[in-house]
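Please look over the fold below before reading the points, which take the helix contacts and then the sheet in turn.

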Amino acid sequence: MSVPYDKFTEAFLSKVTEFEFVNMRDFERNGLIDGYMKRAISAFKSVCQYDLSSTADDVIREFNVDIPAEDIDEIVEIVSEGMLVQWMKPYTYKQENLELVLNTRDFTTYSPAELLNRISAAYAKAQKDFVSMVREYSYNHGDLTDLHL
């Protein structure tokens, strides 16, 4: 039984509030989100029991791999968390935010510098959560070789 990309897309979209996705055409939104998914899978593939990298079919948007029902939710949760990290990364390095920080004289609660600080903290937390999920998955499924992440 194949696993549709939409399982991962829905899990990701339930974690973010991005109004731009609503205004995009389906193929544009899917292309962007699928890119996040593939980057998250590449970070997770070394410990994942299932080959999501080489079994992907971009035409029908499915993975041609059989994942048991008891494992699919865990895999989707981990990959969608990785997608969240990929989605947040550009916000951390957005030129506009960096320019505002460099031009800010005071560092107040409402300053652009504080905003970038909070975005960076949120990104670091999402990345830490993703790495933790990958480690826990590896530990729970008996592959302890990549726990040094």
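**Notes on the helix packing and the sheet**

1. In this predicted model, K7, F8, T9, A11 and F12 of helix α1 meet I72, I75, V76, V79, S80, M83, L84 and W87 of helix α4, where contact means heavy atoms within 4.5 Å. The residues of this contact of α1 with α4 divide into 10 nonpolar, 2 polar and 1 charged, with Ala, Val, Leu, Ile, Met, Phe, Trp, Tyr, Cys and Pro counted as nonpolar, Asp, Glu, Lys and Arg as charged, and the others, Gly among them, as polar.

2. The axes of α1 (residues 5–13) and α4 come within 8 Å and cross at roughly 60°, the axes being lines fitted to C-alpha atoms, for helices over the stretch in contact, with angles running from 0 to 180 degrees between N-to-C directions. That angle makes α1 oblique to α4, given that angles under 35 degrees count as roughly parallel, over 145 as roughly antiparallel, 65 to 115 as roughly perpendicular and the rest as oblique. The crossing of α1 with α4 is right-handed, a term used if the near helix is turned clockwise from the far one by less than a right angle, whereas anticlockwise is left-handed.

3. Helix α3 (residues 26–44) also has an axis that comes within 8 Å of that of α4 (residues 69–92), and the two cross at roughly 115°. That makes α3 roughly perpendicular to α4, and this crossing is right-handed. On the α3 side the contact holds I33, Y36, M37, R39, A40, I41 and F44, which meet I75, I78, V79, G82, M83, Q86 and W87 in α4. These residues divide into 11 nonpolar, 2 polar and 1 charged.

4. An open sheet of 3 strands runs in the order β1-β3-β2 with antiparallel pairing, where two strands pair if DSSP finds at least two bridges between them. The edge strands β1 (3–4) and β2 (56–57) each pair on one side only. Between β1 and β3 there are 2 bridges in the antiparallel sense, and E62 in β3 is the bridge partner of P4.

5. The protein chain averages a pLDDT (the predictor's confidence in each residue, from 0 to 100) of 83, and 84% of the residues score at least 70. Where pLDDT is low, the predicted coordinates should not be read in detail.

6. Residues are numbered from 1 along each chain as its sequence is written, and side-chain values use heavy atoms, with hydrogens and water left out. Local features need pLDDT of at least 70 and side-chain atom pairs count only at pLDDT 80 or more, while totals for chains, interfaces and linings use all residues.

Definitions and conventions. Helices (H or I, at least four residues) and strands (E, at least two) are DSSP runs, numbered from the N terminus.
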